[in-house]
Amino acid sequence: MYKFILPNADNQPEEYNIESNSVIIIGANGSGKTRLGVWIEKNSLSVTHRIGAQRSLSFGNYIQQKGYEQSSNLMIYGNEIPQTEHDARYKWDGEEYNYATSLMDDYEYALSMLLALKIRQEEKYITECKLREKEGKPHSSVPENVVDKLQRIWNYVFPHRDICVEDGKVIAKYKGKENTCEYKGKNMSDGERVALYLMAQVLSMPKAKTIIIDEPEIHLHRSIMNRLWTAIENERDDCLFIYITHDTQFAASHVQAKKIWVKNYDGTNWQWEEIQSSILPEQMLLDILGNRKDVLFVEGTIDSYDTKLYSEIFKKYYVVACGSCSTVIAWTKAMNKTAQLHDLKCYGIIDRDYRSDYEIEAYRTDGIYALKVAEVENLFLVPEVLQIVNNILGYQDDSKVNAVKKYIVDERFKKEINGQICESVVSELKYKLSVATISKKNEEEAKNTLSSLLETLSYDEIRKQRENLYTSIAASRDYKEILKIFNKKALASSIGHFFGIDNK
C-alpha cells in the first residue's frame, strides 16, 4: 500500500492510499499541474523528492567524490547541511529559487550520490566479510550494488550501448560488430544524459520516498520512455512515483496507475478529480481531458478529408477522428453520458450516406449531425465551392460550373441510379434491424419477435419508396438534392478537367 497527499477543497493536505506505485497527473496547459507538484513536495518534504521539468544536463569529466551523508544532503536539499526547504537544488535567478520555473542544477550531485552509495555498499560488504572471517565463518557472495542496478536498467533501455561508472567518471561504449567505441559521459546524447540523470536520482534515493517527476517525457524518445520508467519502477518498488505529464500515450500505457485530472487552478486552490473508467479508449479520454476545448467526433482518420476540413471550420473544437460512423455515434453518446465530462460539450458529425430523414433526426437528439451531402467528398462539389474554384482560375462566366453540374446529373447520377437505389434500400433495412427490440426472455419469444419484425419489413415496399424519391430528384435535376443522396467518393476527383486542370 502506498500513500500520497492531494489538496482538498480547503487546500488542506488529504491522504490517499493506492495499491499501485504510480500516479499520473494530467491537465491542460495552465491548469496548475506543475504547481500542484510543488505543493505536494512542500507539504510532505520529509518523504518527497521532486524532479523538476527544467533540468540541467551538464556534468564534468570527473564525478566529484564526496561522503555519503554530504552527497545525500546535496542531492536532496542542494546544501551540505540539511535544510527546511529543497530550494537550493534550483538555480538562483537573482531574486529567489523558483520551484516551478527555475532550472534544476543537480546533475553532479546525483552522480556523486550514486558513487557514494556504491562505495558505502561495498564498504558494508567488506566489513561484514572481515567480521565473518574473524569468526571463522564463510562470507556471502558479492551483492549487487547501485551501479549494477543502473547498468541493468541501462542495458534494457539502450541495448546497443554500454555504460561504465568507475574511477570517478562516466564512459559510454558503443556495441559494434567488431570493436567497441568509447566516448565521455558528458558527450552522450540528450536522451542518454537525461536517462542517466533520472536513473542516478531514483536509484540513489532513500527508501520509501514519494518521487515526483515533472514532464517525464522531456528529451526521451517515445520508443524508450516507457521502457525506462517501467524498469526504474521495478527496481524501486518501495517508492511511489507521481508523474506530471502532457503525454497521454505515456499515461495510457501505465495501465495500473491512478490517473488524476487537474481541471483548474485559481492561484490558490485546485479543482481535480480521479479519472473514472469509460467505454471511451483511455488515451482518447486523456486527450480530451488534457485540452480545454469542446469536442467534435468525426469519421475518417487523422489524415482524411473529414479531420482536415472540420479542424479548419470548427477551430474552437477539439476534433477527434474516429474511423467509422458507428464509432462516431458510440463515442458521442458515451461522452455525453460520462458525468466526468459534464463541463465539455460534445458533438458528432457523420456522412449522410443513405440515411433516411427519420434516422437523421433520431441522431440529432444525441448531438450527432449528418451532412447535407451524402459523403464528405461531396462538399467539394457544392455550387459555392465550384464557383470559388471557377473565380480563382480566372474564368469570366459560369459555363465551367454548369458543365460540372450537368456531368454529375446526367453522366453519373442518372446512369448509376439503380445501384444507388439498391444500396439505399439495404442501408434502411440494416438500420431498422439495428434499432429493433428483440425479446431476451426466452428463445421462443425471441423467435416470435424476430418473425414479427421481419413481417413488417418489406423489401419491395422500401424499394418502391426509394425509387420514387430518387427518380423524382433525377427528373427535377435538383443538383443539391442529388449531392445529398449520391454516394460516390470518387466524384470530386473526376471533374478537374472541366476547369482545365488534372482530375486528381
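1. Lys and Arg count as positive here and Asp and Glu as negative, while His and the chain ends are left out of the count. On that basis the chain carries 66 positive and 74 negative side chains, and the centres of the two sets lie 2 Å apart. The model is a predicted one, and the points below should be read with that in mind.

2. The overall form comes next. The secondary structure of the chain amounts to 17 helices and 15 strands. Its radius of gyration is 32 Å, well over the 23 Å that the globule rule gives for 504 residues, so the chain is more spread out than a compact globule. The C-alpha trace spans about 105 × 65 × 55 Å along its principal axes.

3. On burial and surface, 47% of the 504 residues are buried. The accessible surface of the chain comes to about 26,100 Å², and carbon and sulfur atoms account for 49% of that area. Of the contacts between residues at least 6 apart in sequence, 67% join residues at least 24 apart.

4. Nonpolar side chains in soluble globular proteins tend to be buried together. In this model the largest nonpolar core has 63 residues, of which L196, M199, L220, L228 and W229 touch the most other members. Helix α5 (residues 190-204) supplies the largest share of this core, with nine residues. Another core, of 37 residues, lies apart from it, and its members include V373, Y407, L453 and I482.

5. L220 deserves a separate entry, being among the residues of the largest core that touch the most other members. Residues up to four places away in sequence aside, L220 touches G191, V194, A195, L198, M225, L228 and W229.

6. V404 is a residue of helix α13 (residues 399-413). V404 counts as buried because its relative accessibility is 0%, the cut-off for burial being under 20%. If residues up to four places away in sequence are not counted, V404 touches L386, Y479, I495, F498 and F499. The C-alpha atoms of V404 and S494 are separated by 9.6 Å, and these two residues stand 90 residues apart along the chain.

7. N21 sits in the loop between β2 (13-18) and β3 (22-26). Although in a loop, N21 counts as buried, at 11% relative accessibility. Its contacts, leaving aside neighbours within four places in sequence, are with Y2, E233, R236, D237, C239, L240 and F241.

8. Two residues call for a look at the backbone. Most residues other than glycine have a negative phi. E215 is not a glycine, yet its phi is positive, at about 55 degrees. E215 is found in the loop between β8 (210-214) and α6 (222-235). With a relative accessibility of 22%, E215 counts as partly exposed.

9. H219 also has a positive phi, near 65 degrees, and is a residue other than glycine. The loop between β8 and α6 holds H219. H219 is partly exposed because its relative accessible area is 43%, a value that falls between the cut-offs of 20% and 50%.

Methods: Residues numbered from 1 in each chain as written. Predicted model: local features only at pLDDT ≥ 70, side-chain atom pairs only at ≥ 80, totals over all residues. Heavy atoms only, no water. Helix = DSSP H or I, 4+ residues; strand = E, 2+ residues; numbered from the N terminus. Rg over C-alpha atoms; globule rule 2.2 N^0.38 Å. Buried < 20%, exposed > 50% of the residue type's maximum accessible area, 1.4 Å probe, protein only. Contact = heavy atoms within 4.5 Å. Areas by Shrake-Rupley, 256 points an atom, 1.4 Å probe, with all protein chains shown as cover. Charge placed at Lys NZ, Arg CZ, Asp CG, Glu CD. Core = buried A, V, L, I, M, F, W, Y, C linked by side-chain atoms within 4.5 Å.
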